[in-house]
Amino acid sequence: MTADHIRHILVVGAGTMGRQIAWQCATHGFDVTLTDADPAALARATAAVEHFADSAATAGALSDPDARAALGRLRVTTEPDYASVDLVSESVYEDPTVKGQVFARLNALCPAWTIFTTNTSTLLPSMFAAATGRPERFCALHFHLPVWTANVADVMAHAGTSAETLAIVAAFARRIGQIPIVLRAEHAGYVFNDMFNALNTAAIGLVADGIATIEDVDRAWMGIMKMPVGPGGWLDDIGLDTVWRITAYWAGVTNDPRLQRNAALLKGYIDQGRLGRKSGRGFYEYPNPTYATEGFLG
């Protein structure tokens, strides 16, 4: 098998990342199935990919016929046709047990040739490689948001990944418009995210420890780095529930007091329904967050 043999992509998990990965694959000519156990998540994903198509056509990134053709290649369903799947991209909860259970089920349903990839942001593939039932055909293929412009994809093997699988996945990443970075060893957080997570931990910690407000954390970043958004804004884009799951997991693993305080702060927002941009409220309120208003920097 080579990357040229890959035709049908199954994206598991219809959240923010999954729907963008599915759309990116569809715009590059692949037949894509996007699936999720939650019908409501699939409904939201359907609306999202239709918005992606409209936005791409309006911006001139795709012609309207090409955008419509990409939509035609993307099926959103709770009942995929597993028999024809060549590559799986998984984007479910950041929990190694959950991911292992998902892959164990996929192993029983997908053909022997199917390559499994995980889009995990912070976990290591080795944490659930055995559960996939095909560790030699499994590795991480991690994307960044938005997938079509932040087009760097991390490709990371675990000890049992075959060299053939790694080469195929890196070549596939190129075929869908990504710049593949093949890591030389397993590393939580990959390359960019390792740097990014350190910044986010510090930003949340400054708020959790009562040192600064999230607005002032963002003012410091935006004012010095001359950027249009700061940590609070981009964490809202990621989703505070997603950030909390990652933070709480590693707080439990490491017993790090700062991560525990950060997780507690984030949980307070979640309990109020403030999940970020997707819920209309997070650190900021949308569609008009104060960090984007005139005078925010003083």
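Start by selecting helix α6 (residues 192-208) and helix α10 (residues 257-271), whose axes come within 9 Å and cross at roughly 75°. That angle makes α6 roughly perpendicular to α10, a label used for angles of 65 to 115 degrees. Here an axis is a line fitted to C-alpha atoms, for helices over the stretch in contact, and angles run from 0 to 180 degrees between N-to-C directions. The helices are DSSP runs (H or I, at least four residues), numbered from the N terminus.

A word on what is on your screen: this is a predicted model, in which local features need pLDDT of at least 70 and side-chain atom pairs count only at pLDDT 80 or more, while totals for chains, interfaces and linings use all residues. Residues are numbered from 1 along each chain as its sequence is written, and side-chain values use heavy atoms, with hydrogens and water left out.

**Stop 1: where the two helices meet**

Show the side chains of Thr201, Ala202, Ile204, Gly205, Leu206, Val207 and Ala208 in α6. They meet Arg258, Leu259, Arg261, Asn262, Leu265 and Leu266 in α10, where contact means heavy atoms within 4.5 Å. By class, this contact has eight nonpolar, three polar and two charged residues. Ala, Val, Leu, Ile, Met, Phe, Trp, Tyr, Cys and Pro count as nonpolar, Asp, Glu, Lys and Arg as charged, and the others, Gly among them, as polar.

Now click on Asn262, in helix α10. Is Asn262 buried or exposed? Asn262 has 1% relative accessibility and counts as buried (buried is under 20% relative accessible area, exposed over 50%, partly exposed in between, with a 1.4 Å probe and protein chains only). Leaving aside neighbours within four places in sequence, Asn262 is in contact with Thr201, Ile204, Gly205, Ala208 and Thr247.

**Stop 2: charged pairs**

Side chains of opposite charge can pair when their charged atoms come close. A salt bridge here is a side-chain nitrogen of Lys or Arg within 4 Å of a carboxyl oxygen of Asp or Glu.

- Select Arg68 and Asp54, whose side chains meet in a salt bridge at 2.5 Å, N to O. Arg68 sits in helix α3 (residues 64-72) and Asp54 in helix α2 (residues 39-59), so this pair links distant parts of the chain, 14 residues apart. Arg68 is partly exposed at 35%, and Asp54 is also partly exposed, at 40%.
- Next, pick Arg277 and Asp237, with their closest N and O atoms 2.7 Å apart. Arg277 lies in the segment after α10 and Asp237 in helix α8 (residues 231-238), so the pair ties together parts that are 40 residues apart in sequence. Arg277, at 38%, counts as partly exposed.
- Then find Arg274 and Glu285, joined by a salt bridge at 3.9 Å, N to O. Both lie in the segment after α10, eleven residues apart in sequence. Arg274 is buried at 13%, while Glu285 is partly exposed at 47%.

**Stop 3: the cysteines**

How many disulfides does a search of the whole structure find? The search finds zero, a disulfide being a pair of cysteine sulfur atoms within 2.5 Å. Select Cys25: its nearest cysteine sulfur, that of Cys139, is 14 Å away. Cys25 is buried, with a relative accessible area of 1%. Finish on Cys139, which is in no disulfide and is buried at 0%.

Methods: Angles under 35 degrees count as roughly parallel, over 145 as roughly antiparallel, 65 to 115 as roughly perpendicular and the rest as oblique.
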